[in-house]
Amino acid sequence: MALPKSPPAPDSVVLELDLRGEMSDQPASSGPPIFATPAFINVIQDLYAAADDDNVHGVFIRANDFSFGHSRAEELRDAILHLREAGKFVYVHSQGFMGVSPSAYRSIAAADEIYLQPGSEIVVSGISTETMFMGELFENLSISAEIEQFYEYKNSPNVYQQTDYTDPHREAMTELISDIWEVTLADIAEDRGFDDVEQLRTLLESGPIPAEAALEANLVTQLNWPEDASEAVLERAGHNAELLPISSYTPPEPGASAPAIAIVGGEGTIITGGGSTSPFSDEGTFASDAISEALLSAGRNPNVEAIVFRVDSGGGSAIASEQIWRAVDRIQNEMNKPVVVSMGSLAASGGYYVAAGADAIFASETTITGSIGVFGGKFAIADGLRRLGINPSTLAVGGELAGAYSTESFTETQRSLMHDALERTYDRFMQIVSNGRNIDEARVREIARGRVWSGTDALELNLVTDIGGLMDAIERAAQLADIAEDEDFRTIYYPQPMTLDEFIGEMFGASADTAEAAAHLNTLMSDERVQILMEHAAALDAQGIQARSEFRVH
């Protein structure tokens, strides 16, 4: 309460957007609200609102140096084009693009002016994906990854069982990254005025492009420093304009009596339960109890006319996915409200399961989706432990499954029972997709088999209904709710973020030592390497049927 109040926003501004830090897809429902950073979908909505705000003259973006996400790049590009069509300018400053992913450059290529720091380079040479295969390691440790998958394209278990890509795994991933690269080249060529995409391909694939060569090729428009770019932005805006961080921007909103569209977000691995209740967590969640209740709460709200379900997930528990799917089904059939899915960077496996029944599904061209399949099993580590002088010995009473998830290998009967359970879940997945997308089940079985697809391919296969981002999904939801085209409406987020009062209340149960420990743990858990290890371990430790995918596309 002792924090100083923010001064009122000036009435002549240029919004400032810094893409160089971490940004979640969706706003956190827990965590300290006073320190919350804007989520990606908040930023997109604010940029579209700024296009119609007379007080906003333009946007100044500090570009990401490494990787921004292919689907995010697509949605930000659309926002930049929308701003320019509305008469707003967009300036960008970059300190170089380091070649980890072309998404960083693609995200800002549509800007009016792109400043590049002298002495830096542009590296936008292609797209790669890398998989760490542990089959030989497991063999050396006498550990058996006893996992069954439905079917040959369901490649998550390959990490533990193979030493390299199988033919189906290689085929699916090569086609996926090729699709993303072709879309990336087409967008950059259009944005930077290349008549010949092949000319751009040759330039980018040739390797690092020095600043002077990038200027000559119109990949950037000026070579200059960050402070020079910000001064140019304010000079262009005139009217005594000021730079305003987008996190401090409050766009004009319709009144409380305006019809509402709810935005329900699910981000990360799909799990059962209610998710984290820690006041120190600033992460999104895809816990089935929490997301199902958020969906149903939005559906029960009499002021909500339609729901946009933002899905950014590679999947997780099949049981949790089914629970969330059911919530969507209830909203449609019991509450008679439309549900439109907006897919983020990744909506695959369980992430597709929860989306399959929606009235409309929007994906970006470079969204990774599909992966319609399941897997399950365990790590049989008993022989490895025996090599260390540890002898597991299991006693069990009851049926054949009583000791199935011990450290020993499955018996033939246990393996058969597990296979049958996986097949039933896979069949249920086929039915969900067939009914939801109105595709003959035999056709679903042809295009499923655990294979991933780009958004472009998913559209051709009728797995999604439209290519577009969050704002397109909101517009479609308004149409399905019969909201007039010229009628203002508002958006409400679910789960609703923790208020400052709620955060302070939670804090009374936490000591300073707990807060410090939680902060250190959050830092550790944000490391991508730790996240990968934790996800791998959790997938098999869950002892349930999994509908998840594992992708690292750069």
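Author: Let's start with a loop. Tyr151 lies in the loop between β7 (144-150) and α5 (158-161). Helices (H or I, at least four residues) and strands (E, at least two) are DSSP runs, numbered from the N terminus.

Reader: What is the peptide bond from Phe150 to Tyr151, cis or trans?

Author: That bond is cis, with omega near -5 degrees. Most peptide bonds are trans. The bond from Tyr494 to Pro495 is also cis, with omega near -10 degrees. Pro495 is in the loop between β20 (490-494) and α18 (500-507).

Reader: What sort of model is this, and how are residues numbered?

Author: It is a predicted model: local features need pLDDT of at least 70, side-chain atom pairs count only at pLDDT 80 or more, and totals for chains, interfaces and linings use all residues. Residues are numbered from 1 along each chain as its sequence is written, and side-chain values use heavy atoms, with hydrogens and water left out.

Reader: Which residues have a positive phi without being glycine?

Author: Ser142 is one of them, with phi about 55 degrees. His239 also has a positive phi, about 55 degrees. Most residues other than glycine have a negative phi.

Reader: Where do Ser142 and His239 sit?

Author: Ser142 is in the loop between α4 (135-140) and β7. His239 is in the loop between α9 and β10.

Reader: Is His239 buried or exposed?

Author: His239 is exposed, at 64% relative accessible area. Ser142 is partly exposed, at 26%. The cut-offs: buried is under 20% relative accessible area, exposed is over 50%, and partly exposed is in between (1.4 Å probe, protein chains only).

Reader: New topic. What is the strand order in the open sheet of 6 strands?

Author: The order is β9-β5-β3-β2-β1-β10, with parallel pairing. Two strands pair if DSSP finds at least two bridges between them.

Reader: Which strands stand at the edges?

Author: β9 (222-223) and β10 (242-245) do. Each has a single partner strand, so one side of each has no neighbour in the sheet.

Reader: How many bridges join β1 and β10?

Author: There are 4, in the parallel sense, and β1 covers residues 13-18. Val13 has Glu242 of β10 as its bridge partner.

Reader: Which strands does helix α2 touch?

Author: Helix α2 (residues 70-85) packs on the sheet and touches β1, β2 (56-62) and β3 (89-94). Its direction makes about 135 degrees with that of β3. Contact means heavy atoms within 4.5 Å. Axes are lines fitted to C-alpha atoms, for helices over the stretch in contact, and angles run from 0 to 180 degrees between N-to-C directions.

Reader: What about α9?

Author: Helix α9 (residues 226-237) lies across β1, β2, β3, β5 (113-116) and β10. It runs at about 170 degrees to β3.

Reader: How do α10 and α11 pack?

Author: Helix α10 (residues 288-300) and helix α11 (residues 318-333) pack at about 5 degrees, with their axes 9 Å apart. They are therefore roughly parallel (angles under 35 degrees). The contact includes Ile291 and Leu295 of α10, and Ile324 and Val328 of α11.

Reader: Last one: is Ser454 buried or exposed?

Author: Ser454 counts as buried, at 1% relative accessibility. It lies in strand β18 (residues 452-454).

Reader: Which side chain does the side chain of Ser454 make a polar contact with?

Author: That of Asp179, at 3.2 Å. A polar contact is a pair of N or O atoms within 3.5 Å; within protein, one must be able to donate a hydrogen and the other to accept it, and residues adjacent in sequence count only if both atoms are side-chain atoms. Not counting residues up to four places away in sequence, Ser454 touches Leu176, Asp179, Glu365, Thr367 and Thr369.

Definitions and conventions. Angles under 35 degrees count as roughly parallel, over 145 as roughly antiparallel, 65 to 115 as roughly perpendicular and the rest as oblique.
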